[in-house]
Amino acid sequence: VTGFDMLSGSSDVVFWGAVSLNFSDLTSGFPISGQRLNQTAYKNASFSVQLLPDITWDQINVLSIWEIASTSDFGHVTLPRNGLDSVSDSVHTVFDNCKNLSDNYRVRWNLNVEENWIEIGLDAAAPTTYYMAFGWANPNRTKELMSEADVTVASFTEEGRPFVDDFYITAYTECKLSSKDRTAIGVCPDVVYENSKNGMMVNNTRLVYGHRRDGVSLIMFRKPLNSTDKKYDLPVYPNEDMRVIWALGLMKPPNENRSHFLPQFHGGPEKKVDDCFGPLDADDNEDQELIVADTEVPLVATTGEVLHYPNPPSPSKVLVERGVPVKFLVQAGHDVALYITSDSSGGNATLRNATETIYPGGPGAEGVVANPHELIWVPDRNTPDQVYYQSLYQEKMGWKLQVFDGALSDMYNTNDQVTFFWTLSEDSITIAARGVNKSGYLAIGFGNGMVNSYAYVGWIGDTGKGHLNTYWIDGKHPLNIHLTNENLTHVRCRSEDGIITLEFTRPLKPSCNQNDKPECKNIFDPTTPLKVIRAMGSKWTDEHLSEKNMHTVTSQRAVQVLLIRGSSEAEQGLQPVKAVHGFMLFLSWGILIPGGILAARYLKHVKGDGWVMDGMYLQYSGLAIILLGVLFAVAELRGFYVSSLHFKLGIAAIVFAFVQPMNAYLRPEKPANEEDASTKRLIWEYFHVIIARGAIAVRIAALFTGMKHLGERYRVENVHDLSWVLIICKSD
């Protein structure tokens, strides 16, 4: 191979053989060599390609530079068949000659003197709104060389279709028409000068091929060496030196007053030319249209003209966000059904790709402009980073959907090393973690530290497959890392450039008995802080662990993540708001309300009704402090949640507490001395005693579950001592 140019950046490019240019034959072709072309940029390179042992030239009718990942043809040649020396009726984009006109513009050409034509290719790294012009100066002029020059102007329409036009220059201005006789002057198409219905007879330039890719335009055209149009075309002499002129600038599109694209003033005369070296690369690939899905604006799925087939169509990239609904309005016709798939080609790929995953869409996702079908899809944590929108019945009609986490608020960067994500559902949680730096494995754990924590370790095996295991860790030696068997679903682990991402879904509460296995005690309570730790190292295995598998990077301290609120903060121990909540509820239920009960029970012998007032003041003070304590808890959690046992018991105790004042307000009169109590009075007394004792029982349980919660979630060392103090207080 000689004179080979190719930009770097493609993922998996090979030399590819096929039987024909038919789409099915081309896509079902085969690599002819083990050589990969994605290592570097090739600039006018020469090298040898060794065919695979089972490949012979008689199997190869089409030779392509092919990207396997996107099934894209980067360029091809059709080889002679049956001993023929040439291939007829084929478009060749390979040129014998090339000259640089500037850093971003070059001209290529092939010459055929016998058949009286020259084939020219204009190649420029320029925006789509730019034109490329190339032509010959009049050999009889020694100055103002653009006047009387024969130029071809090439560009793309707004729909992306290439075109070429024959121009003749009568003045160094944009094309204008005289208001008197409608004659043209300036840089005008040949047909404008003639101003006749058969004006195409003077346009002797023929479009051969054109494409635009990665910000670079290539348009190929053919024109005669000696044209029949002697008025506006100059003869090209193959064996003589001829002065060329060229330009690159903005193209003015047609309007209601003119039907032709016209080049605007480009600002300079002819340039010096140099030999080409390497492929053109555009700094601004603006033609790679980027669409970001918006919740307010639907994505309209329709059909259009095939400009790049079998290569991917425009737009080159569509971005969608996890957790954000994406609305598609499908109006491509009743024979084109939209679906989202993991296969890059689509077209009901399950028949040829057993691993295809189908997301939304299907046979029913079809419609027309008058009656479009609305398809709504919400990518979630289990959606891969890249999927494809395709037609269910035809291949290669759509392209990539890039899925990212940009809009999700429930994420926290734990220490510039690991980013932690989560999504809550009714009875499960989806967790993902992504390293920031390269590593051999990534581990996240839940606990106060490494010891007595539940860990999830993701790594890439020797075969390139991702793995994820769960462990219970009760020590700092490899023997203290015990493999567990948690009920994980939607498990993924992958590595991109050495950066590991792991993801899984698990139930909030394991279904097994807590006394059976360690993993059965790994309960996630969304209303209480979850302590997250992380570690990274060079190598992991699911076999025998050793010191080689120990981490090299760890958390400095645990991070507290409040799952239900979607926030995180570095651990600071027991939060002041929670301490105030606990103190207030202890003061109310442990001192004030019991004090009111004791006053009502043991101070009846005191003269007057002072004992009644003392009891009431103590009770109402306790109720007021209970309300303040609850408000502190709600403010800390930014919501009112009752999923934990402590919260349920606390609410029940509050209900009992507020029933008693209402019960006192409805109290029947006390019978006079020696009189029997009325039925209403007896019912009230029983109800009053039952509610009071029930409130005592519930509030004791709430206090102890609060202490238990304090010990489990915040590792308060003297929580058992405090519990014994409560027991003594209650027994007294």
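Predicted model: local features only at pLDDT ≥ 70, side-chain atom pairs only at ≥ 80, totals over all residues.

Student: How many residues does helix α5 have, and what length does it reach?

Tutor: Count the residues, then compare the end-to-end distance with the expected one. Helix α5 covers residues 645-665, which is 21 residues. From its first C-alpha to its last it reaches 31 Å, close to the 30 Å expected at 1.5 Å a residue.

Student: Which residues of α5 are buried?

Tutor: The general idea comes first. An α-helix has 3.6 residues a turn, so residues three or four places apart point the same way. In α5 the buried residues are Leu 649, Gly 650, Ala 653, Ile 654, Ala 657, Gln 660 and Asn 663.

Student: Where does UniProt place the feature "transmembrane region"?

Tutor: An annotation from a record can be set beside the model. The unreviewed UniProt entry places "transmembrane region" at residues 583-603, 615-635, 647-666 and 686-705. In the model, residues 647-666 are 95% helix and 0% strand, and the C-alpha atoms at the ends are 29 Å apart. Residues 686-705 are 100% helix and 0% strand, with 28 Å between the end C-alpha atoms.

Student: Which residues form the nonpolar patch on the surface?

Tutor: Look at the members, their area together, and the element that supplies them. Val 580, Leu 628, Leu 631 and Phe 632 form the patch, and together they have about 320 Å² of accessible area. Helix α4, residues 610-637, gives the most to this patch, with three residues. Phe 632 is found in helix α4.

Student: Why is Phe 632 called partly exposed?

Tutor: The class follows from the relative accessible area: under 20% is buried, over 50% is exposed, and partly exposed lies in between. Phe 632 has a relative accessible area of 31%, so it is partly exposed.

Student: How many salt bridges does a search of the whole structure find?

Tutor: The search finds eleven. Lys 327 and Glu 374 meet through their side chains at 3.8 Å, N to O. This pair links distant parts of the chain, with Lys 327 in strand β24 (residues 326-330) and Glu 374 in strand β27 (residues 373-377), 47 residues apart. Lys 327 is partly exposed at 30% relative accessible area, and Glu 374 is partly exposed at 43%.

Student: Are Arg 492 and Glu 503 buried or exposed?

Tutor: Start with the contact itself. Arg 492 forms a salt bridge with Glu 503, and the closest N and O atoms are 2.9 Å apart. Arg 492 is in strand β37 (residues 489-496) and Glu 503 in strand β38 (residues 499-507), eleven residues apart. Both Arg 492 and Glu 503 are buried.

Student: What is the phi of Glu 144?

Tutor: Glu 144 has a positive phi of about 45 degrees although it is not a glycine. Glu 144 is found in the loop between β10 (130-136) and β11 (150-156). His 490 is another case, with a positive phi near 50 degrees in a residue other than glycine. His 490 lies in strand β37.

Student: Where does Gly 304 lie?

Tutor: Gly 304 lies in the loop between β22 (299-301) and β23 (317-321). Gly 304 and Glu 159 are 145 residues apart along the chain, and their C-alpha atoms are separated by 9.6 Å. At 65% relative accessibility, Gly 304 counts as exposed.

Conventions: Residues numbered from 1 in each chain as written. Heavy atoms only, no water. Helix = DSSP H or I, 4+ residues; strand = E, 2+ residues; numbered from the N terminus. Expected span 1.5 Å × (residues − 1). Buried < 20%, exposed > 50% of the residue type's maximum accessible area, 1.4 Å probe, protein only. Patch = residues over 30% accessible without salt bridge, like charges linked within 9 Å, V, L, I, M, F, W, Y side chains within 5 Å. Areas by Shrake-Rupley, 256 points an atom, 1.4 Å probe, with all protein chains shown as cover. Salt bridge = Lys/Arg side-chain N within 4 Å of Asp/Glu carboxyl O. UniProt positions renumbered as here; feature names shortened; annotations may be inferred.
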